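Welcome! Here is a short briefing to read alongside the model. Have the structure open as you go.

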Amino acid sequence: MKDEKVILLVEDNPDDALLTRRAFEKNHVTNEIVVAHDGVEALDYLFGTGLHAGRDVRMMPQVVLLDLKLPKLDGLEVLRRLRADERTKLLPVVILTSSTEERDLLSGYRLGANSYVRKPVNFSDFAEAARQLGLYWLLLNQPPPEVARG
Amino acid sequence: MNPSTLVRGAAALSFLFAFAALAGWQFDIAFLRSVIPGRSTMNPTTAVALLLLATGLWLARRTQSSRWALAISRALAACVALVGLIALAGYVFGSDFGIHQLFLTQRGGATSAAATSRVSAPTAFSLLLLGAALMLMDAPVRVGRAVAHGCALLAAVVALVALTGHAFGGSFQSRLALLRPMALNTAAALISLCVGVIAALPDYGLAAVLRSPTLGGALLRRLLPAVVLAPMVLFWIRLQGEEAGWYDRSGGRAVLVTALMVVLGAITWRAAILLDRSDAERGQAETALRDSEERYRLLFDISPEPGWVFDLETLQFLAVNAAAMGRYGYTADEFRSMTIRDIRPPEEIPRLGDRVAHLGEHPSASAGGLWRHRTKDGTLLEVEITSHALTFQGRRAQMVLAHDVTERRRAEAALRASEEQFRTLAATANDAIISGDARGIITYFNPGAERMFGYAAGDVTGKLLAVLMPERFREAHRQGMERYLSTGVARVIGRTVELVGRRREGTEFPLELSLASWRRGEEVAFTAVIRDIAARKEAEDALKLYAAQLEAANAELDAFSYSVSHDLRAPLRSIDGFSLALLEDCGDRLDEAGRDHLHRVRAAAQRMATLIDDMLGLSRVTRATLRREAVDLSGVAHTVMTELKDGAPHRTVDVVIAAGLCAEGDPRLLRVVLENLLGNAWKYTGRKPNARIEFGALETDGTRAYYVRDDGAGFDMAYAGKLFGVFQRLHSAGEFEGTGIGLATVQRIVHRHGGRVWAEGAVGQGATFYFTL
């Protein structure tokens, strides 16, 4: 597992954030996990504004794990803005949510999410899901070339 | 001339003569006594008698003759008759009862004349006759009048003899004292009285004939003067001729006789001519009458309308045409033996009586009317009668044509009944029915309309339809009418539209209007049936409101359950996650019990998550819109079983799925049903090594029911009622896991499809779940 690949976790629930981090650790995913606690913070990080002003925006995370239910800016809205901006248009986004609503699924894909994973309540299942996510998105999946991300 | 006037005139004349004679005796004027000096004089007794007779005659024929006048007149007449009788008796018995001198007074130089003055026999006779005549002329019996008339005529003849005698200068010497001549004035007075008496009986005898308008009367009037005057004239001619020496006495007689023959012949010839002419006229009249009768008869006989002639007095049929015989069913002979009463039903007879009486009084009236007749076989007809009076075979009769209007009347009655029916329909209908004409004027406004708009029909007929609608629509209405009338294109005709009406007090209300148009000859008319839909509108609005509220509620529920599911799960995740973390990180520091607690915590969290999912699923089922499609139930069953098998490959289960089972319903929801039922079957056969699960269909009560059968744990039928309750379970969680929502969900789905669901089972022997759609 390469270190410089960053995972952006957009999650407002601190418990869930902790559990997610724990799940990745348990499965030996040691990449840096940046947590954004709401949609605005997520966008700030990605575009180097606000809270994260001054960040080098050329350094994009490998994957964004996006929860849908966020305060301030909704997860789907974040996704829309991401896809609207050239810099983040091709950024891999995995929607990680507890919602089983069909319309969320539909909206997510429509807005350009790359994947949709349901957060199980059972932690063991959750840990397994995290392992698989990490395996896939960090190792297996070929990210878009740096030129496009530039 | 009024006969009474003649009578009184005659009486007056006679009175004058008599009075003059008396004056002559009184004042010794010879002229008045005898008119022609040297001739015989009117005896004073005679004069008085004549006075009495004249007075009596006058009294008998005054304009207002009363009984006492008649009585007096008769008394006077009786006196005079007595006088005459006495005088005559004097002549017969040779003695002189002094009657002649009765009224003579002794005056100077008249004594000689007085001495010789007597009531002559003819005079006496005449007085007797006239007295009798005057007494008898008003007798109630016909014989009396006959006698009076005869007496007057006889007296007139006697006087006439004397008068003619005086005319031809004779003093009329005769050996018979009885025939001693009467004076000229006496004769004149007597004749006058005779004329008076005859005229006093204007409808009898001579007077009647003279006055009669018939041919006889005309003849007498023309000839009588000639008959009276011709002999006198001719005789006078004879005398003059003899005195002039034209011919001697025998020649004179010859001339007279010849002349008389000629004159009489001429008179007779003239009479014959008159008779002939009259005859010819009568003949013509009769021919004309016959022709007219013939014409009538022809028209009558060939008329297609029944007709007959009946006698106005006996009411019997005199003639009848072929049409009548055919229509009424009687033969001609039968008709002729019947009266017009016989063709009428009993109830018409009184009216018939009135009509006949009326016709009797007004013989020339043409009558008509509507009557009911009865034919031979008892059928009742209604006929329209036209009839005219005529003379038929010399009798007063009435000709009648009867036009059978039974059918027409029946049609009219039916039409009236039908009209009545429709009128009643319109009048009693709850909806408003309004008719208008091409100008937009209201022609009919039924009671329903009166109630709806608040106008009385009388107020609003004749006004424009526009008065019933609010101002802002009137222009559109007018244009619409014009367009329809000119082009025949209708937007509103024949359809039902919603409009706004305006009540009398000005309030507006929504209404539903159906408009029809129809042509009556040249005219176009409209009829609208209107329903006040204010109530319906309110209900509709309320319904819309409820629907909207329901929508809103549903949406809220949607949003609620969406957020709820998310927000409820998050803490559960934390509980479970950190419990595991505890176990993993600190598990070695915990004892068995501690670890067990944490396991239970985790299980509980898990359970809650499942519950939330199930509840969400249940509410989604209720809210989702139902799609209706053909669903292959067999295919879905297969898919579900495959999934179940994949989830537990170690189990051996005999699965029988009937092929080709299709139903109409929502595919997702029906899949949920089968997932639940088959899932249950799978679950409850978990303990059995070789289980059997069936899915099929059967007919029950005429409908198809689908079933899922298993031979697993089954259930106690006593608790069957609880099966489908939410969170109701018949097994504990230790026996079989589950939330108790599955069957509730199935029930909800099946109910939404309009079906029903039920179950049978026995403990340890399996269960069968049925559902219909």
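Helix α11 of chain B, residues 249-302, holds both Asp279(B) and Arg282(B), which sit 3 residues apart, about one turn of the helix. Helices here are DSSP runs of H or I with at least four residues, strands are E runs of at least two, and both are numbered from the N terminus. This is a predicted model, in which local features need pLDDT of at least 70, side-chain atom pairs count only at pLDDT 80 or more, and totals for chains, interfaces and linings use all residues. Residues are numbered from 1 along each chain as its sequence is written, chains are lettered from A in the order in which they are written, and side-chain values use heavy atoms, without hydrogens and water.

**Salt bridges within chain B**

- Asp279(B) and Arg282(B) form a salt bridge, their closest N and O atoms being 3.1 Å apart; the term means a side-chain nitrogen of Lys or Arg within 4 Å of a carboxyl oxygen of Asp or Glu.
- Asp279(B) counts as partly exposed because its relative accessibility is 43%, given that buried means under 20% relative accessible area, exposed over 50%, and partly exposed in between (1.4 Å probe, protein chains only).
- Another salt bridge joins Arg536(B) to Glu498(B), with closest N and O atoms 3.0 Å apart.
- This pair links distant parts of the chain, as Arg536(B) lies in helix α19 and Glu498(B) in strand β8, 38 residues apart.
- Over all chains, the structure holds 52 salt bridges.

**Where chains A and B meet**

- Each side has its share in the contact (heavy atoms within 4.5 Å): 23 residues come from chain A and 23 residues from chain B.
- About 2,100 Å² is buried between the two chains, 50% of it from carbon and sulfur atoms; buried area is the accessible area (1.4 Å probe) that two parts lose on being put together, summed over both.
- The rule finds 5 salt bridges across this interface.
- One salt bridge pairs Asp16(A) with Arg573(B), at 2.9 Å from N to O.

**Nonpolar cores in chain B**

- The largest nonpolar core has 44 residues, of which Leu50(B), Leu57(B), Leu130(B) and Met137(B) touch the most other members.
- Such a core is a set of buried Ala, Val, Leu, Ile, Met, Phe, Trp, Tyr and Cys residues joined through side-chain atoms within 4.5 Å.
- Helix α8(B) gives the largest share of this core, 10 residues.
- Another core, of 37 residues, lies apart from it and includes Val673(B) and Phe715(B).
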